[in-house]
Amino acid sequence: ALSQMAAFSAVLSKLVTLSGAIGIGATLLNRSWVVVNAGHRAIIWDRGDGMKDDVKGEGSFLLIPFWQQAFHFDVRTRPKTINTETGSKDLQNVNISLRILFRPNESKLPEIYDKLGPDYDERVLPIGKEVLKAVVAQYDAVELITQREVVSREIREALTDRSRAFNIILDDVAITHLGFSDEFTRAIEHKQVAQQEAERARYLVEKADQEAKAAIIRAEGESEAARLITQATMKTGPAFLELRRLEAAKEVADTLTKSKNITFLPSNSNVFIQPRS
């Protein structure tokens, strides 16, 4: 019995040792096998060499367990909205929203992690508020409306230059909202209405002027036509008037023949037409 107990203890001890070895092996394998998902990149920190310059792409790779560690970055283009309230050149309050599409410079991921950490965007992109305030302060409130595309381009160029220094790439920068105080908004609306009314009044004046010029030209034409008719009558006598009368009669006859409601009968016929009831 004692020998059986000793054998069982030995087997149990081996099983414990084997399971421990399997557990350790699984842990080592899990820590040494790294998978990089689509749209991500990985960088490696080494206890001896520090952050390595190599950037791992999508797929899987091995590293030394407990000696090396992998850090993952999302390198896809992501949106971020910046909202701020600032003042224009003419001291009007301006509420402005900016949409940014950004991504990290993949080749500079080790440097980004060393200087800024994994939350680099939260540390860098707020500089957009400073850029917004600096650019908006150069324009009057009305200019911000009428030259919105120019303002947006200037903000984009300034913010792109600032972000590039931190190895962040901006794919797009656009103003999504531009708001002013209620008083200023009402003043702009009244000004637009006044401009529209002024444009309409100018159009009516120009229209009346053109109509007056047309009436003068028409009157001059009629006067010239009457003069020519008088001269022709004096030269040819009543023959000219008879010719004009025949031409007018021909025009009337042509018009009547094209009408479906007119019926022509010979002048010497005795046809009786019964009227419709």
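Two strands pair if DSSP finds at least two bridges between them. The views below show a predicted model.

**View A. An open sheet of three strands, ordered β3-β2-β5.**
The pairing in this sheet is antiparallel. β3 (50–56) and β5 (68–74) stand at the edges. Each has a single partner strand, so one side of each is left without a neighbour in the sheet. Neighbouring strands are turned by 25° against each other on average, direction ignored.

**View B. Strand β2 (residues 40–46) alongside β5.**
Seven bridges join these two strands. They run antiparallel. Which residue of β5 stands opposite Asp46? Gln68 does.

**View C. Asn105 in the loop between β7 (93–104) and α2 (109–115).**
The relative accessibility of Asn105 is 24%. Buried means under 20% and exposed means over 50%, with partly exposed in between. Asn105 therefore counts as partly exposed. The side chain of Asn105 makes a polar contact with the side chain of Ser107, at 3.0 Å. Leaving out residues up to four places away in sequence, Asn105 touches Ile112, Asn167 and Ile169. Val75 is 30 residues from Asn105 along the chain. The C-alpha atoms of Val75 and Asn105 are separated by 7.9 Å.

**View D. Helix α4 (residues 127–136) crossing helix α6 (residues 148–164).**
Two packed helices are described by the angle between their axes and the distance between the axes. Here the axes of α4 and α6 come within 10 Å. They cross at roughly 140°. Angles over 145 degrees count as roughly antiparallel, and 65 to 115 as roughly perpendicular. α4 and α6 are therefore oblique to each other. Their crossing is right-handed. On the α4 side, the contact is made by Ile127, Gly128, Glu130, Val131, Leu132 and Val135. On the α6 side, Val151, Glu154, Ile155, Ala158, Leu159, Arg162 and Ser163 take part.

**View E. Ser152 within helix α6.**
Is Ser152 buried or exposed? Ser152 counts as buried, because its relative accessibility is 8%. Which residues does Ser152 touch, not counting those up to four places away in sequence? They are Val173, Ala174 and Ile175.

Technical notes: Residues are numbered from 1 along each chain as its sequence is written. This is a predicted model: local features need pLDDT of at least 70, side-chain atom pairs count only at pLDDT 80 or more; totals for chains, interfaces and linings use all residues. Side-chain values use heavy atoms; hydrogens and water are left out. Helices (H or I, at least four residues) and strands (E, at least two) are DSSP runs, numbered from the N terminus. Buried means under 20% relative accessible area, exposed over 50%, partly exposed in between (1.4 Å probe, protein chains only). Contact means heavy atoms within 4.5 Å. A polar contact is a pair of N or O atoms within 3.5 Å; within protein, one must be able to donate a hydrogen and the other to accept it, and residues adjacent in sequence count only if both atoms are side-chain atoms. Axes are lines fitted to C-alpha atoms, for helices over the stretch in contact, and angles run from 0 to 180 degrees between N-to-C directions. Angles under 35 degrees count as roughly parallel, over 145 as roughly antiparallel, 65 to 115 as roughly perpendicular and the rest as oblique. A crossing is left-handed if the near helix is turned anticlockwise from the far one by less than a right angle, and right-handed if clockwise.
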